[in-house]
Amino acid sequence: MSAEVYRDAWGVPHLRAADARELAYAQGRITAVDRAWQIEVERHRVQGTTAAFLGPDALGWDRFARQSRLADTARRCFAALDAETAEWVTEYVAGVNAGLTEVGVDQDQFAAVGLAPGRWEPWTPLGVWLSAHILFAGFPAKLWRERALALLGPDAVDLFATDGPGTSGSNGWLVTGEHTASGAALIAGDPHRFIEDPGVYQQIRLACPEFDVVGLAVPGVPGIAHFGHTGSAAWAITNAMADYQDLYRERLRRSDTGVEALGPDGWCPAHAHTETIEVAGAAPVTVEVIETERGPLIIGGPDASDAISLRHPPRVTADVGFAALPALLRAKTSADVDRAVDGWVEPVNVVQAADTEGGVLHRVAGRVPLRHGDNRVRVVPAWESGHEWTGWAEMPRAEVSGTAVMANQRGLAEPLGVEFAPPYRADRIRQLLSTQTAWTPAGMARIHTDTHLQSAAPLLSLLCSLTGLSPAAEGLRNRLLAWDRRMEADSTDAMAYATVRAAVVRNLATAPDFSDLTELPPLPDLFLPWLALTPRIAFALETILTAEWMLPDLDRVGAVRSALEEVAGQEFAAWGEAHRLAPWQALPTAEEWPGLAGDHDCVLSTSSVPGVTHLSARGPAARYVWDLANRDDSLWVVPLGASGVPGSPHRRDQLPLWRAGELAPVVTDWNELRREVGGAVRASVYEQKVEGFGTVRVLPLDPAGDAEVVHGWVTEERAEFWGMRDASRDDVRSTYEYVDGLTTHHAFLVHLDDEPVALFQTYDPAADPVGECYEVRPGDWGVHILVAPSSSPRSGFTGVLMSALTSYAFQDPSHLRLVVEPDVRNEKSIARMVRSGFVLGPEVQKPEKRARLAFLDRASIPTPPLP
């Protein structure tokens, strides 16, 4: 059979094929259809060609990608794959290329930069994986530690040892059957990464006779690597915070034959060539690519004052661990997962797994070199012996008794790393898990969204010790000491704390003790987030405030007192008004993103950078609960949606769920999914089950296929106000073909279950004649609704329909107010809008009619409570 594509109500693709290779092709194709722009940006990132369409701001990454030889490493790793895995990856790439051909250049992002989808090579997915994870081990932190050690002494490592800027973390926990209501294990958690638009994780299902797996894939990479459920086994990962990448200071010289590098055995030839980076709107840039016996140079060169090379396992071994991916799909037990991740390479992760037979797994997976301890802390001299790699570390594992928690803290992976996340998240998760012994999947959301900020204690303790404060500062101090330490989005106390904390961080950053670290060194901009002093102090604040034996002359009390006095007397908004989502976008937009609860040390880890910004660029890139009792009781959510296509209703539809701490069901019953006929992407863009009525589905209107049914509606007498009474079937088709070609107007056919019941159109008022009749506000979104002649089979149907369509329209967070414009003579329509909550506006004269405006504000619609 050819592969079949199904979708659930959230647009998540469920793929079914005859075998694993055909399924890989289908996964590649649907990824290209749903995420074309995203994966094409990733392909260009691997190649170091993003500046050619994104401009000079992308040059820093392109330079690094070329110098670190990402594409060449991916080619080497693909060439070393076993034949079966190589064929599987090749099928995925063939599917991607087929999907990109379907997409073409019509999507907004491609058109905006004049870019056409390109062609993937068999090695490209390996490059996408390398590109996404090469900074995970945080090797730039060694540049920071070298400076800090030189200026502050050996205590600097411990002083700043925390999950610093640029690294990524996660929460994850395993609960065995003794502590669940079902008697079977639960695995839950949320990976913390930079929130990207489109999202870094792709909800997907891959099914063939050999396996049937649901999980979170990485767009551009075949299989399901990090979080998956096969029905009988499930697994999840967090970053182990291991150190497995080394930086070497190189001595280089030019010779008659090229470039030479000094190693422990003397001068040796180094590979050298030049590459040209094209830059949109600027002159091309030439980059010299040099590789020594240690690895590629990523800083400096023979003519610079400094030169540093990077050594990491995939470059050394020509293995990125892709053979583990098909093995994970075939896992039936936790022991199978264990064997599969024996082949894992990068990044180094803590893995948890469980199965329906009661088996559990808690281990580290990856490849960490054995070498001198200095290699793990700082940049080491390439010409000195003793810094070579001598083998590979054994990966730790642990028994699981009741629960196991992983949140990047010191513990299982401690022998493999230097800097770890503080213990706050892990301690809080353990505390919450201990509160009951009958956990259910639904109950896990309470843990996902916990906002208690344990790390506030040291600062609050110092506040408590202050004396001689002004009355305003005394009042603020007392307010903070009475605060419940929860970083809730609607809490003004949380905002007050965050404001004081930010001032403390800024005060400490200007202290004389740190003055030698304030000026950034002349290094590539890509590495500067690891080298900036203020973020380093922000994320190590608790240690800096409490470890008085380090930097004993630092005036900690004075910094806190000054901050409190500076902030006292201010009026504080709610935390969520400042702590807003700020996702990374290749093409930034002017969207206003929602406010969030949480903070970097909360379980709800929505990270900002205290002292720099309250905006949150990092947070839960997905949430999941895998139920080993019944996979259909599993739950998941991503921050934005299943689609990255502009205008798709599934581009943002999960954002309200994610923000509210809610989870969507994992649906595996094929009968509850919608099949895409002929491979065409015409799945419903929105679905809502309504008790007593059925399922309301909103589908993109097919101008040709739906012309007959729409023609029958618009030519009836009751549709006189629609303005198409005299239209022919061809007129209807051509009208909606025109609408289909617009980016500002969209038409949909609404179904109740499988019966078409309404025509629904949306439009941007600023791009429509109605925009000339009133003052269009930012966030206005127009709608037209035509209910079919006999589509009110039950009392209240029209109200249900209006409620569902309103919910759909407000799924996009940029839509702040709905606008309707019925004919003033259409009293029934006007009355229906009023019953649905619209507020009547003025009458206006349009070319074709006199209309009555009416408006529905987002704020007037009930929304889920903030987490």
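Predicted model: local features only at pLDDT ≥ 70, side-chain atom pairs only at ≥ 80, totals over all residues.
Which residue forms a salt bridge with Asp-212, and how many Å apart are the closest N and O atoms? The partner is Arg-205, and the closest N and O atoms of the pair are 2.9 Å apart. Arg-205 is buried, because its relative accessible area is 2% and buried means under 20%.

The protein chain holds 28 helices and 35 strands, and its C-alpha trace spans about 90 × 75 × 65 Å along the principal axes. For 867 residues a compact globule would have a radius of gyration near 29 Å, and the value for this chain, 29 Å, agrees with that. Of these 867 residues, 61% count as buried.

**Salt bridges**

| Residue pair | Distance, N to O |
|---|---|
| Arg-205 and Asp-212 | 2.9 Å |
| Glu-87 and Arg-21 | 3.6 Å |
| Arg-69 and Asp-72 | 4.0 Å |

The side chains of Glu-87 and Arg-21 meet in a salt bridge; Glu-87 lies in helix H5 (residues 83–103) and Arg-21 in helix H1 (residues 20–47), so the pair ties together parts that are 66 residues apart in sequence. Glu-87 is partly exposed, with a relative accessible area of 38%, and Arg-21 also counts as partly exposed, at 41%.

Arg-69, by contrast, counts as buried, at 13% relative accessibility. Besides meeting Asp-72 in a salt bridge, Arg-69 takes part in a network of salt bridges that links Arg-69, Asp-72, Arg-76, Glu-291 and Arg-315.

**A charged patch and two loops**

On the surface, Asp-632, Asp-633, Asp-669 and Glu-672 gather in a patch of negative charge. Among these residues, Glu-672 lies in the loop between strand E26 (664–665) and strand E27 (674–675), and Glu-672 counts as partly exposed because its relative accessibility is 45%, whereas exposed would mean over 50%.

Another loop, between strand E7 (227–229) and strand E8 (233–239), is the place of Gly-231, a residue that is partly exposed with a relative accessible area of 32%. Gly-231 and Gly-841 are 610 residues apart in sequence, and their C-alpha atoms are 54 Å apart in space.

How values were computed
Residues numbered from 1 in each chain as written. Heavy atoms only, no water. Patch = residues over 30% accessible without salt bridge, like charges linked within 9 Å, V, L, I, M, F, W, Y side chains within 5 Å. Areas by Shrake-Rupley, 256 points an atom, 1.4 Å probe, with all protein chains shown as cover. Lys, Arg positive; Asp, Glu negative; His and termini not counted. Charge placed at Lys NZ, Arg CZ, Asp CG, Glu CD. Helix = DSSP H or I, 4+ residues; strand = E, 2+ residues; numbered from the N terminus. Buried < 20%, exposed > 50% of the residue type's maximum accessible area, 1.4 Å probe, protein only. Rg over C-alpha atoms; globule rule 2.2 N^0.38 Å.
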